[in-house]
Amino acid sequence: MQAVRRQYTHLLLPHASLDDPQRALFEVALRPAGWVADPDENSTMSLRWTKGHASLRVQTLGWFPLLVTVGPIGRPSAVHRDAAARLTAAALAGGGKSFTDRQLVEYLPQAQLRWQRALLERQRLSTAERMLQARRCSYCGTWSDTSATHCAGCRRRFTTADDQERDMTVSRATATVKEAELALAQLARGVVLERLGGVTRG
């Protein structure tokens, strides 16, 4: 009995999303084999290539790190398998991993949790960056430039105590920015991945 060939290849890459460098990585892997990128399907969610009558799609399944599935559009062939092998080699050379169908099912819940964690870290980062760019009046709540001597809302002159509070806020915000950026970088690289069958911890 002939073994059934896998139609889809699942790849985990140490990057946050399907951004320009990742699209370029796939392009470099596929273009020498005659694949042409479809300009109408080129987003952070999916990519498509064609070679003669064959079509290939890369579909995003998760972020932080990037998880994609590569598969044929239509009937699979040796041309598709060659393309999948090229993309797998490119992913592995870039520090990525290849998942089996079983490992993919195991990992998907973790992918959702990692994305939620990334959203929280992005929110922390955004809030902290705002605290570095402006100071808030303790009297009326209006935001002013960090170097302002008077509130942009009530025009009250900031006191020495206000300035000390601003300096403490800037110090805390600076630390938060570093923490959030580190957490996002680790999530994107796949650090602290739960162990899967055949996939080692990142």
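The model is predicted, so local features need pLDDT of at least 70 and side-chain atom pairs count only at pLDDT 80 or more, while totals for chains, interfaces and linings use all residues. Residues are numbered from 1 along each chain as its sequence is written, and side-chain values use heavy atoms, leaving out hydrogens and water.

Helices (H or I, at least four residues) and strands (E, at least two) are DSSP runs, numbered from the N terminus. Helix α2 covers residues 78–93. The buried residues of α2 are His-80, Ala-83, Ala-84, Leu-87, Thr-88, Ala-90 and Ala-91. Viewed down the axis of α2, these buried residues fall within an arc of 160° (taken from the directions from the helix axis to the C-beta atoms), so they line one face of the helix. Their cover includes β1 (9–13), α1, β4 (54–62), β5 (66–72) and β6 (97–99), where contact means heavy atoms within 4.5 Å. Just after α2, Gly-95 has a positive phi of about 90°.

Helix α3 (residues 101–133) has 33 residues and should span 48 Å at 1.5 Å a residue; its end C-alpha atoms are 47 Å apart, which agrees. The expected span is 1.5 Å times one less than the number of residues. At Tyr-107, shortly before Pro-109, α3 has a kink of about 35°, the bend being the angle between axes fitted to the seven residues ending there and the seven starting there. Tyr-107 is also buried, as are other α3 residues including Leu-104, Arg-114 and Leu-125. The buried residues of α3 pack against β1, β4, β5, β6 and α4 (160–189).

Four aromatic pairs are found in the whole structure. Rings of Phe, Tyr and Trp (its six-membered ring) pair if their centres lie within 6.5 Å; planes under 30 degrees apart count as stacked, over 60 as edge-to-face and the rest as tilted. The ring centres of Phe-26 and Trp-49 are 6.4 Å apart and the planes stand at 85°, so this pair is edge-to-face. Phe-26 belongs to helix α1 (residues 20–30) and Trp-49 to strand β3 (residues 46–51), so that the pair links parts of the chain 23 residues apart. Both Phe-26 and Trp-49 are buried. Ring pairs also join Trp-63, Phe-64 and Trp-115 into a cluster.

Key
Buried means under 20% relative accessible area, exposed over 50%, partly exposed in between (1.4 Å probe, protein chains only).
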